[in-house]
Amino acid sequence: MSQLLGILYKSRHFFLFLALQIICFYLMSKNNVYWDVSFFNTTNSVVARSLEVSQKANEFVNLGKVNNRLADENAALRKQLTDLQERSTGIPGYHPDSLKVQRFEYTVAKVVGSTHNLTDNFVTIDKGTDDGVRAGMGVISPQGVVGQVAYANKNYSRVYSILHSRQMVSAEVLNRKLRENNTVALGIAKWDGTNPQYVRLNTVDRFKPVAKGDSVVTSLQNPIFPPHVMVGRISEVSNTSSEAFHNISVRLSTDFSGLIYVYVVKNKLIESQQEVETNPGIK
Amino acid sequence: MNTQTILKIAASVIIYTLLQVFILRNLVFFDVAFCFVYISVILFLPSATPTSTALVIAFITGILVDMFYNTAGLHASAAVMIAFIRGLYPESTFSQPGPGERNCHLRGRDGDGAFYPVYRYPDFHSSCVFILRGSRDLQFFP
């Protein structure tokens, strides 16, 4: 008997090993089948919390990548939105050509420099001709209109901000009265060089009903920007009886001091439109 | 085994587990190259540590890692296996000399042969992990 115990004692390590392995295999098989082991997995609250902390650190490190991805996704969604808007014009009998519906394309660009307190302000973006950016293309931000590409080299482009003395945007006012009357209040948005948060909306007919708070968006007659991109909201309307136009001040929706990402808008049909408009054969 | 040794072992368990769980868990190259640094806890145990103690330490470390990997028992099993094999080889093949021993094991008694097994342990551990995991994924367990 004592010899037997002696053998058992000699091989105690082996028995402990065996016992632990049996526990391990029990856990493994249980974990595999029922998914109900509540302690030895990541649903354990301590484990879950520490994993959460490490995940947060990961997220923080990846923020830049996530930003880029979101910007790309936004560009894609914006493209779909314009396509849909263009397709459903709501005018009976008018069926837009699919080529025309899909004429706008977006490229995401990062702002690498911008000014907003000079007379002529520019925005510099990190996309150039290599990415298909050409002079004359429109630039919008998630909040609204930014401007128009002035010059593009291989890797970078310079953009006329709407806060530039020579930059104008064809715009229209949106409100319910205008929609009911089935008219459009077209105007030209231009910066007067004073306050970088406000632009003037000129040449809006004084008989068109516009009021404070109405949205000002890019117009349908605009070859550079897709229609109905936000410009801003009317902050002030005044007119004297002797004037032909409203005197409108618009608060810009784009915050030029906080630009991070912008979309460069490419109109694939702009050349054919300009060819029609400036044909020298027609006097 | 004095208090200092126990504290050292406890610290190594905690540090290697944290390293494994928070850093190396995210470093899996090409979805195939795993890094299981936590077995250093077992490999760097003082050579005088009895096998039973080594088994228990291995089990605890393995279970801690398992909790984060959502693989209850898998790493524990492989680690216990390593700790058991460690006990089968003469103590002098281990890297940490006990009290009064000279640190002469690196050359080994007969060339590289005596030290060879220590290098094989990580391979053995990885084999265990992958075989167990494979059999688990293929649902060999009831």
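Accessible area here comes from the Shrake-Rupley method with a 1.4 Å probe. I am working on a predicted model.

**Entry 1: chain A overall**

I began with the surface. Chain A exposes about 16,900 Å². Carbon and sulfur atoms supply 56% of that area. Next I asked how much of the chain is covered. Of its 283 residues, 35% count as buried.

I then listed the secondary structure. Chain A has seven helices and twelve strands. I also checked the contacts with a separation of 6 or more. In chain A, 59% of these join residues 24 or more positions apart.

**Entry 2: the barrel**

Which strands close into a barrel, and in what order? I found six strands of chain A, in the order 6-7-8-11-10-9. Their pairing is antiparallel. From one strand to the next, the twist averages 40°.

I looked at one pair in detail. Strand 8 (residues 198–202) and strand 11 (residues 247–252) of chain A run antiparallel and are joined by four bridges. A:V199 has A:V250 as its bridge partner in strand 11 of chain A.

**Entry 3: the cores**

I turned to the nonpolar cores. The largest has 48 residues. Which of its members touch the most others? They are A:I125, A:V149, A:L201, A:V262 and A:V264.

A:L201 is in contact with A:A171, A:V173, A:G187, A:I188, A:A189, A:V216, A:H246, A:I248 and A:V250. A:V250 is also the bridge partner of A:V199.

Another core, of 41 residues, lies apart from the largest one. Its members include A:M28, A:V47, B:A54 and B:I57.

**Entry 4: a serine of chain B**

I picked B:S77. This serine sits in helix 4 (residues 74–88) of chain B. Is B:S77 buried or exposed? Its relative accessibility is 1%, so B:S77 counts as buried.

What does B:S77 touch, beyond residues up to four places away in sequence? I found A:Q21, A:C24, A:F25 and A:M28 in chain A, and B:L132 in chain B. A:M28 also belongs to the core of 41 residues.

**Entry 5: salt bridges**

Side chains of opposite charge can pair when their charged atoms come close. How many salt bridges does the structure hold over all chains? The count is four.

A:K56 and A:E52 form one, with the closest N and O atoms 3.7 Å apart. Both residues lie in helix 3 (residues 45–61) of chain A. They are four residues apart, about one turn of the helix. A:E52 has 44% relative accessibility and counts as partly exposed.

A:K268 forms another with A:E105, at 3.2 Å between the closest N and O atoms. A:K268 lies in the loop between strand 12 (261–267) and helix 7 (270–277) of chain A, and A:E105 lies in strand 1 (residues 104–114) of chain A, so the pair ties together parts that are 163 residues apart in sequence. A:K268 is partly exposed at 43%. A:E105 is partly exposed at 30%.

A:D130 and A:K154 also meet through their side chains, 3.4 Å from N to O. A:D130 is in the loop between strand 2 (122–125) and strand 3 (138–140) of chain A, while A:K154 is in the loop between strand 4 (145–152) and strand 5 (157–161) of chain A, so this pair ties together parts 24 residues apart in sequence. Are these two residues buried or exposed? Both A:D130 and A:K154 are exposed.

Technical notes. Residues are numbered from 1 along each chain as its sequence is written. Chains are lettered from A and ligands numbered from 1 in the order in which they are written. This is a predicted model: local features need pLDDT of at least 70, side-chain atom pairs count only at pLDDT 80 or more; totals for chains, interfaces and linings use all residues. Side-chain values use heavy atoms; hydrogens and water are left out. Helices (H or I, at least four residues) and strands (E, at least two) are DSSP runs, numbered from the N terminus. Buried means under 20% relative accessible area, exposed over 50%, partly exposed in between (1.4 Å probe, protein chains only). Contact means heavy atoms within 4.5 Å. Two strands pair if DSSP finds at least two bridges between them. Axes are lines fitted to C-alpha atoms, for helices over the stretch in contact, and angles run from 0 to 180 degrees between N-to-C directions. A nonpolar core is a set of buried Ala, Val, Leu, Ile, Met, Phe, Trp, Tyr and Cys residues joined through side-chain atoms within 4.5 Å.
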